[in-house]
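The sequence and the model are shown first.

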Amino acid sequence: MATLNPQLLAILACPACDDRPPLEWCGAYLVCHQCRRAYPIRDDIPVLLVEEVMPLEQIEPPPPSEPAQG
Ligand SMILES: [Zn+2]
């Protein structure tokens, strides 16, 4: 699990959105809910590069499924 300085998180904004919305810390990613992008956090450093970004759908855990029996 990545760690992140709350003061750093407070000043970060999505570089892909014109109005620079705040990012939400979500595990190993910073998520912009406006454009639904997820920026990876590497070595506790947020990588706010459009080249590194992933669609939010790709990082969300898969929906819970029935546990396999037998
Ligand atoms: Zn955005």
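Two strands are taken to pair if DSSP finds at least two bridges between them. In this predicted model, strand E1 (residues 24–26) and E2 meet that condition, pairing in the antiparallel sense over 3 bridges.

**Overall architecture**

The chain contains 2 helices and 5 strands. Read from the N terminus, the elements follow the order α-β-β-β-β-β-α. The C-alpha trace spans about 50 × 25 × 20 Å along its principal axes. The radius of gyration of the chain is 14 Å, whereas a compact globule of 70 residues would have a value near 11 Å. Buried residues account for 16% of the 70 residues. Of the contacts with a separation of 6 or more, 21% involve residues 24 or more positions apart.

**Strand pairing and hairpins**

E1 and E2 form a hairpin with 2 residues between the strands, and Gly 27 in its turn has a positive phi of about 65°. Within this pair, Trp 25 stands opposite Leu 30 in E2. E2 is also joined to E3 by 4 bridges, and these two strands run antiparallel. Here Cys 32 stands opposite Arg 37 in E3. The hairpin of E2 and E3 has 4 residues between the strands, and Arg 36 in this hairpin takes a positive phi near 55°.

**The nonpolar core**

Which residues make up the largest nonpolar core? It consists of 10 residues in all: Cys 14, Leu 23, Tyr 29, Leu 30, Val 31, Cys 32, Ala 38, Tyr 39, Ile 41 and Val 53. Strand E2 (29–32) and strand E3 (37–42) each supply at least two residues of this core, and E2 gives the most, with 4 residues. Both faces of E2 are covered: Tyr 29 and Val 31 are buried on one side, and Leu 30 and Cys 32 are buried on the other.

Cys 14, a further member of this core, has several contacts beyond its neighbours within four places in sequence. Among them are Arg 20, Pro 21 and Leu 23, as well as Cys 32, Gln 34, Cys 35 and Arg 37.

**Positive phi values and exposure**

Most residues other than glycine have a negative phi.

| Residue | Phi | Location | C-beta atoms within 10 Å |
|---|---|---|---|
| Asp 43 | about 55° | loop between E3 and strand E4 (45–46) | 6 other C-beta atoms within 10 Å |

Ile 11 is found in helix H1 (residues 6–11). With 8 C-beta neighbours inside 10 Å, Ile 11 therefore counts as exposed. Ile 11 and Pro 22 are 11 residues apart in sequence, and their C-alpha atoms are 7.7 Å apart in space.

Conventions: Residues numbered from 1 in each chain as written. Predicted model: local features only at pLDDT ≥ 70, side-chain atom pairs only at ≥ 80, totals over all residues. Buried ≥ 20, exposed ≤ 12 C-beta atoms within 10 Å, placed from the backbone. Rg over C-alpha atoms; globule rule 2.2 N^0.38 Å. Contact = placed C-beta atoms within 7 Å. Core = buried A, V, L, I, M, F, W, Y, C linked by C-beta atoms within 7 Å.
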